[in-house]
Amino acid sequence: MPERAASLPRRPRRPVSTGAAWAVRIGLFAFCAFPLYWMLVSSLKASHELLASPPTFWPHEWELRAYRKLFYETNFWTYMENTVIVAVLTTAIVITAGVIGAYSLTRYTFPCRTLIARVTLLAYMFPPIIMLVPLFLLAREFGLVNSLVGLALTYISFSLPYALWILRAFFQSIPIDLEHAALIDGANRAQALWYVVMPLALPGIIATAIFTFIVAWNDFLFALVLIGKDELKTIAIGINEFFHMAVVDWGLIMAAGVMVTIPALVFFVTIQRYLIAGWGTGGVKG
Amino acid sequence: MSVGADTLVLVPGRASRRRRESLIGIGLLLPSAALVLAFTIFPVAYNVWLGFYAKHSLRATSSWVGLGNYSQILTDPDFWRSVWLATVYAIGSTALQIVAGVAGALILHRRFAGCDFLRGVALFPYMIPTVIAVFVWRWLMNDLYGVIPYLLNMLRIPGMPEAWLTHTTIMWVLIVLSVWTFFPFVLVNVLARLQTIPLELYDAARVDGASAVRQFVHVTLPQLKNVLLIVLLLRGIWMFTKFDVPWLLGFGGGAGEAIRTLPVFTYQRSFTYYQAGMGAALSNVMLALLLMAVTVYFIAFPPEADDNDA
């Protein structure tokens with residue numbers, strides 16, 4: 001799949017670089033980036049400076065106290081590990097089922113196919129809160145409370161319809177003629193899928209995998225009701241725990257924020273173009 | 001997309017062969033269908049059934065109360081208050097997200113030095129976990145040490161509140177924080193659509209002497225209509241049913257009550273008062289509202305032949 005930005009026709013007009021244009025660009029940058037900058041400097045300030053009034057925009061004293069506390073006095077790494085386990089498990093199940101399901105929805109005819117696609121779209125809109133009570137009671141019924149597998153299974157309930165919907169759009173955008181050509185050239189169905197469709201669908205699959213991963217990585221609600229044991233907590237509810245300490249340590253919370261944000265940032269910058277492709281195809285088309 | 005859904009049949013042929021093909025298709029769909037059925041459809045159906053029972057969240061017993069939960073809900077002023085707060089929150093944050101998202105997309109549409117970098121930065125608030133976003137904003141807006149109240153104070157605007165996480169102002173904080181977190185969703189969808197608008201349309205408008213503003217109103221906006229409608233629908237539903245942002249912003253402070261939206265109310269019924277049946281009924285109310293919104297949407301804007309437009 002060609003990269004979207006590269007295939008764009010060039011704007012005929014020269015790029016706008018007046019003062020006003022730069023002012024709004026800088027405004028957008030400040031709006032998006034300032035809270036993150038503030039999180040970073042707050043995590044590196046000395047305790048007394050953190051609570052100083054007026055606040056310092058560039059710390060006078062740098063300290064790693066908050067990070068030391070985070071790494072040695074909390075279960076941060078356990079939370080991180082649990083989050084990765086749940087997110088990977090969710091993504092693996094959702095992508096495996098979703099890819100073949102979406103392929104089937106776009107390449108085969110059978111009764112109720114359109115109905116199934118519509119139900120998928122509706123399920124994609126379901127907000128997680130609607131599933132709160134039933135999934136909690138079912139998890140208790142099947143002994144899946146305080147279980148990372150149980151948590152991953154609940155994430156399937158709202159990420160699989162979403163994945164199916166996006167992947168279906170991706171598979172629809174791959175011309176069927178390419179597969180016809182492969183079949184005429186003597187490839188069988190599986191070969192056509194593997195050698196012709198998959199390489200073209202890969203950006204979409206990656207984008208969908210990332211979105212699924214993020215759903216599991218970000219979730220707070222289900223982890224809150226399903227996980228009680230500290231050694232099974234994910235990042236979201238683990239950090240929430242820091243708030244219940246006798247004295248709220250803002251430096252510690254900001255340090256945790258930075259530690260969760262940095263891997264996401266690195267990851268995100270490297271795969272940004274897939275994300276944009278995914279978003280463009282997933283939400284809206286035509 | 002010029003290819004309609006029904007033309008995507010790979011192997012034409014005789015009826016027996018076609019039947020074999022559809023069996024394979026159903027087989028491939030089976031894992032997803034089973035998972036969606038078990039983990040999405042079944043829980044929703046179970047929830048509808050639960051709404052008719054009085055059930056403790058942790059005990060196994062339950063008793064049939066018919067529409068009792070619903071009549072209790074509809075006469076509870078706290079419920080109506082939570083619906084009102086959720087509505088204010090959904091409308092306020094969705095409207096501002098759309099404004100910010102479209103503005104951001106227009107800023108990032110044209111290429112300039114540092115354009116890719118700024119695109120990355122603009123998407124980032126959507127990527128960081130909600131918990132982090134909310135805690136960063138709680139810190140930014142902290143009543144004693146917050147940097148934003150400090151900066152606002154320097155402007156010396158008369159009537160500007162000193163503290164923001166209070167009953168009267170916390171809804172504003174909730175809305176601004178939500179706009180910050182979720183406007184990239186609007187931005188990306190609008191940006192993707194902007195880039196597919198044929199340039200000839202603008203050329204024609206310019207030949208006719210249209211100003212930049214008129215070009216936006218008469219060329220860009222009509223082209224964005226479909227995207228904006230779907231974004232409005234999705235964001236409206238998702239903001240109305242957002243639990244984690246108001247909960248994380250409000251808990252632990254006395255002002256949480258001022259942002260106890262319907263999802264927070266539902267959570268509290270289910271897990272603070274352990275009234276699972278009541279919680280289920282409240283979820284069903286949200287589901288009904290959602291279905292109504294979707295139905296109205298599809299009646300007002302019928303999907304075209306290709307489902308992708310829906």
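This briefing covers salt bridges and nonpolar cores in the structure above. The model is predicted. Over all chains, the whole structure holds 11 salt bridges. One network of salt bridges links E63(A), R65(A), K69(A) and D249(A). The largest nonpolar core has 169 residues, and a second, separate core has 23.

**The salt-bridge network in chain A**

- E63(A), R65(A), K69(A) and D249(A) are the residues linked in this network.
- K69(A) and D249(A) pair through their side chains, at 3.0 Å from N to O.
- K69(A) sits in helix α3 (residues 65-73) of chain A, while D249(A) sits in the loop between α11 (235-242) and α12 (250-270) of chain A, so this bridge ties together parts that are 180 residues apart in sequence.
- D249(A) is buried, because its relative accessible area of 11% falls under the 20% cut-off.
- K69(A) has a relative accessible area of 23% and is partly exposed.
- R65(A) forms a salt bridge with E63(A), and the closest N and O atoms are 4.0 Å apart.
- R65(A) is partly exposed, at a relative accessible area of 21%.
- E63(A) also counts as partly exposed, with 28% relative accessibility.

**A salt bridge within a helix of chain B**

- In chain B, the side chains of R206(B) and D203(B) form a salt bridge, with 2.7 Å from N to O.
- Both residues belong to helix α8 (residues 199-207) of chain B.
- R206(B) and D203(B) are 3 residues apart there, so about one helical turn separates them.
- R206(B) is partly exposed at 30% relative accessibility.
- D203(B) is partly exposed too, with a relative accessible area of 31%.

**The largest nonpolar core**

- This core counts 169 residues.
- The residues with the most contacts inside the core are I239(A), F135(B), V190(B), L249(B) and L262(B).
- Helix α7 (residues 170-194) of chain B gives the core its largest share, 17 residues.
- Leaving aside residues up to four places away in sequence, L249(B) touches V134(B), R138(B), L165(B), I170(B), V173(B), L174(B), L177(B) and I259(B).

**The second core**

- A separate nonpolar core holds 23 residues.
- Among them are I95(A), A97(A), Y108(A) and V197(A).

Technical notes:
Residues numbered from 1 in each chain as written. Chains lettered and ligands numbered in written order. Predicted model: local features only at pLDDT ≥ 70, side-chain atom pairs only at ≥ 80, totals over all residues. Heavy atoms only, no water. Buried < 20%, exposed > 50% of the residue type's maximum accessible area, 1.4 Å probe, protein only. Helix = DSSP H or I, 4+ residues; strand = E, 2+ residues; numbered from the N terminus. Core = buried A, V, L, I, M, F, W, Y, C linked by side-chain atoms within 4.5 Å. Contact = heavy atoms within 4.5 Å.
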